[in-house]
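Here is a briefing on side-chain contacts. Look over the sequence and the structure first.

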Amino acid sequence: MTTRTDPARAGSPTMAPGPVLELHDLSVDFRGTDGGWVETTHGVDLALYPGETVALVGESGSGKSVTAMSVLDLLPASARRRGSVLFDGTDLVAASESALRRIRGRRIAMVFQEPMTALNPVWTIGNQIGRAIRAHDRTLSRRQVRERVLELLRRVHMPDPERRADSYPHQLSGGQRQRAMIAMAISCDPEVLIADEPTTALDVTVQAEILDLLAELRERLSMALLVITHDMGVVAEVADRVVVMRDGAVVEEAPCAQLFDAPAQPYTAELLAAVPHLGRGAARSVPAGDHGGGEVLRIDGLTVEYPGRGRRAAFRAVEQVDLTVSAGEVVGLVGESGSGKSTIGRAIVGLAPVTAGRVELAGADVALARGAALRAARRDVAMVFQDPASSLDPRRTIGESVTGPLAIHRAIPRAGLHARAGELLDQVGIPARWADRYPHELSGGQRQRVGIARALALSPKLVVADEPTSALDVSVQTRLLDLLRELQDQRGFACLFISHDLSVVELLAHRVVVLRDGGVVEQGRTADVLGSPAEEYTRRLVAAAPVPDPRAQRERAEARRR
Amino acid sequence: MLRYALRRCAVGVGLAWVVLTLIFLSLHAVPGDPAEVILSGEGAGAVTQEAVAQVRAELGLDRPLGVQYLQYLGGVLTGDLGTSFTDRAPVTEHLADRLPATASIVLVAAVIGISAGIVIGSWAGRGGRVADAVVGIGTGLGVSVPVYVLGSLLVLVFALTLRALPAGGYRAFADDPAGHLERLILPSLAVAVAFACVVARMTRSAVVETARQDWVRTGRAVGMTRAGVFRVHVLRNALAPVVTVSGLEIGTLLGSTVLVERIFNWPGTGSLLVDAVAQRDYPVVQGIVLAVAVAFIALNIVVDLVYGVLDPRVVHR
Amino acid sequence: GSGSGGTGSGSGAQTLNFGLSGEPATLRPGADQGAASLFVVSLLHRGLVAYDTDGEVVPALASEWDSADDQTFTFTLRPGLTFQDGTPLTSADVARTLEFLADPANSARIGSAVQSLDAVETPDETTVVVRHSEPNAAFLDYLADPSAGVLPESAFAADAVNTVGAGPFRMAGDSSGVGMSLERFDGYYDADAVQLDGVEISYYPDGNARTNALLSGEVDIIDYVPWESFDQVESDPDLTLDAQSGLVMYLAFNVDEAPFGDARVRRAVAHAINRDNAVASVFSGNARPVAGPPVAAESPFHEASLADAWAYDPDRARELLAEAGFPDGFAATLLTTSQYAFHQDLAVSVQADLAAVGVDVTLDNPDYATRIQQGNAGAYQMAVNGNGGIVNDPAFLSDFLVGPANYKRSFGFTDPEIEASLAEGLRTTDETARQEVYRRLQQQIVDATPFAMVSDRAQAFAYSSRVQGFANLPGFLTFHSGYTATATTVA
Amino acid sequence: MSSAVPVGDQTPAPPRSRSTARLRRALNPWRLTALVIAALVTVAAVLGPLLIPFDPLTPAGEPFAPSGTGGHLLGTDSFGRDVAARLVYGLRTELLIALCATALAAVTGTVLGLLGGWFGRWVELVTMRVTDVVLAFPTIVFALLAVAIFGAGTTTLIVVLGVLFAPTYARLAYGQVLSVRRAEYVDAEIAFGSPTLRLLRRTVLPNILAPILVQLSLTIAAAVLLESGLSFLGLGVLPPEPSLGLMIADGQRYLGSEPGQLLVPAAAVVLTILAFGALGDTLRDWLDPRR
Ligand SMILES: Nc1ncnc2c1ncn2[C@@H]1O[C@H](COP(=O)(O)OP(=O)(O)OP(=O)(O)O)[C@@H](O)[C@H]1O
Ligand SMILES: Nc1ncnc2c1ncn2[C@@H]1O[C@H](COP(=O)(O)OP(=O)(O)OP(=O)(O)O)[C@@H](O)[C@H]1O
Ligand SMILES: [Mg+2]
Ligand SMILES: [Mg+2]
């Protein structure tokens, strides 16, 4: 294990204050089926100094989220923690609930990995942020709270904050929910912010803005930031120090630049090697001829309007979009958060309120189809939902979930389902014997992989993948991208790939469609669009994409802020 | 919301009409002739055919059913619910006499039942195994003791032994508020116990269900108090099924307070209804059923509206 | 307890708090509307004659009467009588009332007993002459029934409310479902003798609730004490249980339905009933078995030799069945009603007895209204009944045996001999001759077995020691006990 | 491709063991006791008649013989019938009525609610308003009318109770469906082409089941109580057939003199309901993967 260094303090030994938060030999156990405890993370040591940013990276399922949650004792009841968490002289493991309460949110705040399930569906997000504020300041009037909520929403670049404050979580896009979460976390200017994958659902431009916001907070409040992320570009931009986790333990810890330059552990090296670089990926050529052919998906003049209620007007999320995907082709759909990407995806599988236009799947109009015809059409299209937690039935084991499509279409005999579930899970890197686990027993990335396995189960003709790798660390992501490409080459399915990660899009997509405010801004071959964007908007997107190189990325960030 | 409520009200009027028609038809289909009942006291002598025919004519039962129905419906539309067969008083008068008595029991029982039930159920849902077991047994007892057994016990303890409260009887609130309330305690309690237990069970289940949701964790993470988290993030989400059962329980109570009314000698619609059915007093039965149905339909509309407020996903699609 | 209108001591206001077994139906002139109504009527109304505590007929509105032959009766009204609404009560009112009662279309309670009424003459304001077509020995007994109270003309209007009479108390308040208050009527002919200032009646349809109300001091007196509660009341030293033998319980037969057209089958049923069991199970022992014609042991007409004519004898029952051609018994239904526990219990008790002699009985157990209709229409084979006489004189038996179809009588049963004897009994005025007629009648009843008697049943009032002077009238007159309210005081 | 993630990993276990473990957790000592009672009650109802030498319908001794005399385990009732025999047979009748009525109500009600909540529009109008009509009828009137028209008896009672309780399930299911139908996992099922029936059965139903399971035990209780209440009013099981409700209603009359007549069947009812209540709660917790 490497010795701990203190790069942030290196230049100013005179101040040398102690760490604001110190995890010492922290382990988390989950209760096993036999009633005994199963160790999930082992002896994690981690220190966080004021004004410092530490990035916690590592393999999906390595225990990052669990460690983060154990700090404030937010683990589920089936878990216990051992070791110590020192904060401002108190041990948070031994602290009373009321002592913890006073710390939570005000002094140590937390952004959760999956914003959809982390927000209460029955309250508007304005209300929920307001409650976070009032939890520590009961003197504020309603008006003041409301002002503060709107201000916070503006700071996280929520478009149209007045309207969004009064929206319920299910009415927001993935990125908007995530920003609401962040707004809630920074509402009390905490001393420590633990952010678990805070930008997974954000497009690069918004992500950049959020990172700027965090940097500003860090400076102004000398806030310590523990950011869990798999995006090496983000790490490169914000982290002073990087802690790498694997299999429930810390395997390496190093200052950011040092880690990127000379990783000490093979795992870290592997991780870094796997990081895709925008512009370096060889853009994929046009799909292999034998699969090429007819259009699998054709969207003409698609317009989607979410109906308003009462005095609130309807909201037009997608307007006059034309789009085609041919067999064997991968089309990347990019665009800022809230631009209507998920909505288009949902419209394709018939889940969005299509107001106008046609959505043709292999020649059949989905928007008009009903009953058996629609079902038949859906056999050929599969969707990976943006939010893995909420798109998995909480009462079904993941094995049942992944084989769901097979069972629905009676693709294989029932007796074979269990075995097939194991294979499908194994394919995405989840042990086959986990098939009888429930979604809540998985990590975010694991859940996401279950969603992908489910989508691939039936060998569909078209896969609509909505941010399918947003929660995956680069090594798993690479593996999955390889898998996707491999399967695609074999079976020649078409794919509408929604992502904000341009480097991934570049790796995978033959063509790219750029979306903004519900309309198509630009589309064309990947190399052309990302290499030499025609539109100013696209250019900004490309420019904002972080690069996984600390020095370069910092320069870019500096440039951006100027 | 308003449009929804209005539409529901319109449907509600239709429902009331359906209920009314059904009760009208089924009453006439039930064996037992009002005239014969009226003429047959305990030791009645010969009941002659003439007498029966005369009474039937007096009651208007000699006309064709369709005519009777239309006349009755016409009356209802103009606010005339007919007159009782047995005492010839307008049914509206009966309702005015009896509804307040039933309403006060139902109201008090509902308030006690809902609030106590939610508190108890929450305690069981949040508390440890001991609380859970205690409440499990307690509510099990509560829902399984027949109301008339409980009522009799309450009388035995509070009226006959402790002499703390009257054994029964009724005073109109307007005439004697203290007397009214004093006599209201035992019957409402007898009804409220089972009510509370039903609500408690539902609450417990729903609380257990929501307590594990991720947003509860979020609430704790932002530093809300345990009670605050429970109230805002657990209870509020858990209330939907509780509201549903509460509405149903109130509705059921409206029409079935007869047992308590008997035991506590409380002149509510329940006993009137049972007597009226026994005597085949059609207008009274119809009047009460209509009143209860209207109350119930209104209650259901309220429940559905509350449901929409409690769970915005239902309304805000 | 905190009953309202507590009784003042000494000469202060005296109010009797009465827990009544039901809410009286709207009072219809002359009608039989059940015990609760009858009780209220006996307080509100008064006829020419009434009963005293021993069940003897005594003067009421008529100060005296005269009849030489039991066929023509001359009544002399007390002077200056008024109704409770202030209108004077004259012989014309009496005549109108009697004519109303005699009209079969009105189904009056005493209607069948005054069928023989020929004419009512009113020579002057205070004299009424009643002529019958033949002697009517029981006429005065019937006339003493509370339902024969003299009513003002207004009471006969189409939808009149029959609460204004000439009785000792008048209606002061009526609260639907709760109770009514009566206050002393100062225009009552004997108002000075009435001690009570008023009677506060509360309704307690539930027997337990009624008993509880008495036990807790909520009321001073209750009627219709549940049989199960007799012991409880008796064991309280502060309470008096005042029981009299009341109605009789019996099985009626549908004579038009085989096999009950055969008297031997009916007799077999009568012999099969274990009356001791029934009394113990149904009435908690608070009743007496009746194994002969229902003429009470206290009556001078009681025929001891026939009292056990239908004694419990399963062997005899089987014999009779075999004679009638049913050596292996048969199946039958027994109509009862779920609305009254004792009707239902009696059916259950009899069911077991009949099973023992091979009669397989299925219960038909509808609510009371349906049961009445089925009874009137003859839609049954056997039926459980409770019935009483209006008078203690055996003339009451006509209600059990003659007249148009009625749910209380065996459907289709007619026996000319019995009818003849009944008519003769009413005509006969000589006491010993009457006894002979009724002895013969009872023998005929035993022979024909139109019904299978089971038991009588105790009807009880219970009151606290503060109540003095109230009495339960003997026999069927128990429902007239309200007459003694004029002599009642509350300490 | 299979560098498994061994964190939190356990020895391979057959799929059932996880639910067994959950069941073990759902079964706290008191519930276990209650379930044993439920089993005993059922066994008593089924086998009891073989063990008790008396017939429940025929008098076999003096009225109100104290328990223990003449071989009467629990004494005799007002007709001299063996209370233990009546209790056992009554339990059987009661269980038959309560369970059948509950099953009838739960199945029809839940189906109506599911359909109404899922399809909305006219399906909702028909299903939910039909339940409104049933609910709007006061319980007692409904029972009175049904009994007056069809005659009292076990079958009538089962149907009456079933119809009376069905709307509760319908409304519960309806409300829950409204909340659940917007869930993304439901969308996912739709997107994968699940036929509606399968979707309702496999995805929606399990997720709305919790309150319905709770309601099951409540309905069993309510059925027993209503049965006894109707018996109290003379509308219940046909005598001399024994049922607990009838016994309680009868026993009520003798509360002052023979309290045992009420206490014995009342205790049996309480025990039964407690036991089935615990069964419902256990089921509910067992089926909750997060417990
Ligand atoms: N149910 C709804 N009701 C009203 N508005 C909605 C609803 N769902 C989404 N929206 C709005 O539609 C817009 C597009 O949403 P969508 O989810 O398609 O965005 P997106 O491009 O997928 O964004 P992200 O990258 O953040 O996931 C957003 O502004 C969102 O607020
Ligand atoms: N409730 C639970 N019960 C049992 N095991 C759990 C539970 N929650 C998480 N785990 C396991 O703990 C391990 C660590 O999970 P954690 O969420 O910390 O992973 P992570 O590092 O955040 O991964 P990701 O990047 O995919 O979010 C995973 O293997 C997961 O399966
Ligand atoms: Mg995680
Ligand atoms: Mg999206």
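Is Glu298(C) buried or exposed? Glu298(C) counts as exposed, because its relative accessibility is 58% and the cut-off for exposed is over 50%. The model is predicted. A search of the whole structure gives 31 aromatic pairs over all chains, and the structure holds 64 salt bridges over all chains.

**Aromatic pairs and cluster**

- Tyr170(B) and Trp266(B) form an edge-to-face pair, because their planes stand at 85°, with ring centres 4.8 Å apart.
- This pair links distant parts of chain B, 96 residues apart. Tyr170(B) sits in the loop between helix H7 (147-161) and helix H8 (177-211). Trp266(B) sits in the loop between helix H11 (258-263) and helix H12 (269-278).
- Tyr170(B) is buried at 11% relative accessibility. Trp266(B) is buried at 1%.
- Phe396(C) and Phe476(C) also pair edge-to-face, at 4.7 Å centre to centre and 75° between the planes.
- Phe396(C) lies in the loop between strand S15 (382-387) and helix H11 (398-401) of chain C, and Phe476(C) in the loop between strand S17 (467-468) and strand S18 (489-490), so the pair ties together parts 80 residues apart in sequence. Both residues are buried.
- One aromatic cluster in chain C is formed by Tyr224(C), Trp227(C), Phe283(C), Tyr340(C), Phe342(C) and Tyr368(C).

**Charges over rings**

- In chain A, Arg131(A) lies over the face of Trp123(A), 4.6 Å from the ring centre.
- In chain D, the charged end of Arg181(D) sits over the ring of Trp118(D), at 6.0 Å from its centre.

**Salt bridges**

- Arg396(A) bridges to Asp393(A), with the closest N and O atoms 3.7 Å apart. Arg396(A) is buried at 9% relative accessibility. Asp393(A) is buried at 4%.
- Asp220(C) bridges to Arg466(C), with the closest N and O atoms 2.5 Å apart.
- Asp220(C) lies in the loop between helix H4 (207-215) and strand S11 (221-222), and Arg466(C) in the loop between strand S16 (451-464) and S17, so this pair ties together parts of chain C that are 246 residues apart in sequence.
- Asp220(C) is buried at 3% relative accessibility. Arg466(C) is partly exposed at 30%.
- Arg288(C) and Glu298(C) meet in a salt bridge at 3.1 Å, N to O. Both lie in the loop between helix H7 (275-283) and helix H8 (314-323) of chain C, 10 residues apart. Arg288(C) is partly exposed, with a relative accessible area of 35%.
- Shared partners join Arg8(B), Asp304(B), Glu124(D), Arg129(D), Asp132(D) and Arg171(D) into one salt-bridge network.

Methods. Residues numbered from 1 in each chain as written. Chains lettered and ligands numbered in written order. Predicted model: local features only at pLDDT ≥ 70, side-chain atom pairs only at ≥ 80, totals over all residues. Heavy atoms only, no water. Phe/Tyr/Trp six-rings, centres within 6.5 Å; stacked < 30°, edge-to-face > 60°. Helix = DSSP H or I, 4+ residues; strand = E, 2+ residues; numbered from the N terminus. Buried < 20%, exposed > 50% of the residue type's maximum accessible area, 1.4 Å probe, protein only. Lys NZ or Arg CZ within 6 Å of the ring centre and 35° of its normal. Salt bridge = Lys/Arg side-chain N within 4 Å of Asp/Glu carboxyl O.
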